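Me: I have a protein chain open here and want to go through it piece by piece. Can we start with the charged side chains?

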Amino acid sequence: MTDTIRIDLDTVRVYRNSQEYRPMNRARSSLGHEIKGDGPIISELASILREENPSFDGHLEVYRGDILCFIPMALKTAFLKGPQPQQLRKKTTA
C-alpha cells in the first residue's frame, strides 16, 4: 500500500428523466471507493477508508482536478468531528 491515499472531487449529471438533470458532487478514492451526494461526502469517504484500513499511517490528499483542496493530513485524524478551530470561531465582544 502506498503512503498516500488520494481523493478526487468532481461533479456528475444525475438525470431525473430524459431531459432534466442536475449536477451532483462525487468523491472517488485511489482505492476504488466512490460516493455521490449533496452532503459531507469527503468525511463519509474518509470514515470508510479509516474503517477498512485501520493500520494505515499515511496521508490523505483531496484534489479537484489538479488543484490540492486541503493540506495533506493523516488519515487517522482527517475530517473527524470535533471542536471548531480557534481561527474559525466567532469572536465575541465584551
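Predicted model: local features only at pLDDT ≥ 70, side-chain atom pairs only at ≥ 80, totals over all residues.

Me: What does Arg 26 pair with?

Reply: Arg 26 meets Asp 10 in a salt bridge, 2.6 Å from N to O. Arg 26 sits in strand β2 (residues 21-29) and Asp 10 in strand β1 (residues 4-15), so this pair ties together parts 16 residues apart in sequence.

Me: Is Arg 26 buried or exposed?

Reply: Buried. The relative accessible area of Arg 26 is 16%, and the cut-off for buried is under 20%.

Me: And what about Arg 28, which residue does it bridge to?

Reply: Arg 28 forms a salt bridge with Asp 10, and their closest N and O atoms are 3.7 Å apart. This pair also links distant parts of the chain, with Arg 28 in strand β2 and Asp 10 in strand β1, 18 residues apart. Through shared partners, Asp 10, Arg 26 and Arg 28 make up one network of salt bridges. As for accessibility, Arg 28 is partly exposed, with a relative accessible area of 35%.

Me: Staying in β2, what can you say about Ser 29?

Reply: Ser 29 is placed in strand β2 and is buried, with a relative accessible area of 9%. Apart from neighbours within four places in sequence, Ser 29 is in contact with Arg 6, Ile 7, Leu 45 and Leu 49.

Me: Let's zoom out. How many helices and strands does the chain have?

Reply: There is one helix and there are six strands. In sequence order the pattern reads β-β-β-α-β-β-β.

Me: Is the chain compact or spread out?

Reply: More spread out than a compact globule, because the radius of gyration is 16 Å, well over the 12 Å that the globule rule gives for 94 residues. The C-alpha atoms fill a box of roughly 55 × 45 × 25 Å along the principal axes.

Me: What share of the residues is buried?

Reply: Buried residues are 27% of the 94. The chain exposes about 7,100 Å², and carbon and sulfur atoms supply 51% of that area.

Me: Next, His 59. Which strand is it in?

Reply: His 59 lies in strand β4 (residues 59-64). His 59 is partly exposed, at a relative accessible area of 39%.

Me: What does His 59 touch?

Reply: Leaving out neighbours within four places in sequence, the contacts of His 59 are Asp 3, Thr 4, Ile 5, Pro 72, Met 73, Ala 74 and Leu 75. Asp 3 is 56 residues away from His 59 along the chain, yet their C-alpha atoms are separated by 6.5 Å.

Me: Now the helix. Is Ala 46 buried or exposed?

Reply: Ala 46 is buried, at 0% relative accessibility. Its place is in helix α1 (residues 41-52).

Me: What surrounds Ala 46?

Reply: Beyond neighbours within four places in sequence, Ala 46 is in contact with Leu 60, Leu 75, Ala 78 and Phe 79. Ala 46 and Leu 80 are 34 residues apart in sequence, with 8.7 Å between their C-alpha atoms.

Me: You listed Phe 79 there. What is its phi?

Reply: Phi of Phe 79 is near 60°, a positive value in a residue that is not glycine. Most residues other than glycine have a negative phi.

Me: And where is Phe 79 in the chain?

Reply: Phe 79 is in the segment after β6 (73-74). Phe 79 is partly exposed, with a relative accessible area of 25%.

Note on methods: Residues numbered from 1 in each chain as written. Heavy atoms only, no water. Salt bridge = Lys/Arg side-chain N within 4 Å of Asp/Glu carboxyl O. Helix = DSSP H or I, 4+ residues; strand = E, 2+ residues; numbered from the N terminus. Buried < 20%, exposed > 50% of the residue type's maximum accessible area, 1.4 Å probe, protein only. Contact = heavy atoms within 4.5 Å. Rg over C-alpha atoms; globule rule 2.2 N^0.38 Å. Areas by Shrake-Rupley, 256 points an atom, 1.4 Å probe, with all protein chains shown as cover.
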